[in-house]
Amino acid sequence: MPQYSEKRRIGNIAEDVSVVFLVKSGHMVLDRNYLKKWGELDIVSVDRSDTIHFIEVKSKTIGFSREMNIDNTQNLVSRQVSQKSFTANTFKIELSRESIDEESDGYRPEDNVHYFKQKRMMRAIESYIMENESKMGDREWQIDVLAVALDFSRETAIMRHIENVIFDI
């Protein structure tokens, strides 16, 4: 089994929780981690209305005191992730209509879908569509962002599903 960085393990948990959320919302997952040299798609799914969703998952960890410094927070998260085997089913899922920037740290996971990420994602979508004509058919498609805040202490994932985003590329 490959050794992943802490950041990658947390990202994997967020993607797994996102899949559980999407399936409970009526999506069928077609692909995960579609990877090309020029870009990656975290999740490709189809909803009940037969629309294809290309989903980018962005995550952050929350639930720590504002007084804690960044090194202590990272060490605490690292210890929690390493000491316990977290899976998607570990987390209770909550849906948020608000931006996820708990404790006013000002960081919103969805802000990390920057220009270069958008460009790489669009190239990956173009490749996916060309390679999967049979799956795509004449279906409509859209791009979504799933912002996930993982609270390891409460074993809760707060999800914000931003649907049908439009990129500025």
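1. Strand E2 (residues 39-46) is largely enclosed by the rest of the structure, because 7 of its 8 residues are buried. Buried means under 20% relative accessible area, exposed means over 50%, and partly exposed lies in between (1.4 Å probe, protein chains only). Helices (H or I, at least four residues) and strands (E, at least two) are DSSP runs, numbered from the N terminus.

2. This is a predicted model, in which local features need pLDDT of at least 70 and side-chain atom pairs count only at pLDDT 80 or more, while totals for chains, interfaces and linings use all residues. Residues are numbered from 1 along each chain as its sequence is written, and side-chain values use heavy atoms, with hydrogens and water left out.

3. On one side, E2 pairs with strand E1 (residues 28-36) in the antiparallel sense, over 7 bridges. Two strands count as paired if DSSP finds at least two bridges between them. Met-28 stands opposite Val-46 in E2, and Val-29 stands opposite Ser-45 in E2. The two strands form a hairpin, with 2 residues between E1 and E2. As a general point, strands of a sheet pair through backbone hydrogen bonds, either parallel or antiparallel.

4. E2 also pairs with strand E3 (residues 52-61), again in the antiparallel sense, over 4 bridges. Here Val-44 stands opposite Phe-54 in E3. E2 and E3 form a hairpin with 5 residues between them, and Asp-50 in the turn has a positive phi of about 75 degrees.

5. E3 pairs with E5 in the parallel sense, over 10 bridges. In this pairing, Ser-59 stands opposite Val-148 in E5. E5 is mostly covered, with 10 of its 11 residues buried.

6. E5 runs antiparallel to strand E6 (residues 156-162), and 7 bridges join them. Asp-151 has Thr-156 in E6 as its bridge partner. These strands form a hairpin with 4 residues between them, and Glu-155 in the turn has a positive phi of about 50 degrees.

7. Together, the strands make an open sheet of 6 strands in the order E1-E2-E3-E5-E6-E4, with mixed pairing. E1 and strand E4 (92-95) are the edge strands, each pairing on one side only. Neighbouring strands of this sheet are turned by 30 degrees against each other on average, direction ignored. Helix H3 (residues 115-131) packs on the sheet and touches E1, E2, E3 and strand E5 (141-151). The direction of H3 makes about 55 degrees with that of E2. Axes are lines fitted to C-alpha atoms, for helices over the stretch in contact, and angles run from 0 to 180 degrees between N-to-C directions. Contact means heavy atoms within 4.5 Å.

8. The protein chain as a whole has 4 helices and 6 strands. Along the sequence they follow the pattern α-β-β-β-α-β-α-α-β-β. Of the 169 residues, 43% count as buried. Among contacts with a separation of 6 or more, 65% are between residues 24 or more positions apart.

9. The protein chain exposes about 9800 Å², and carbon and sulfur atoms supply 47% of it. Accessible areas come from the Shrake-Rupley method with a 1.4 Å probe; for residues, only the protein chains shown count as cover.
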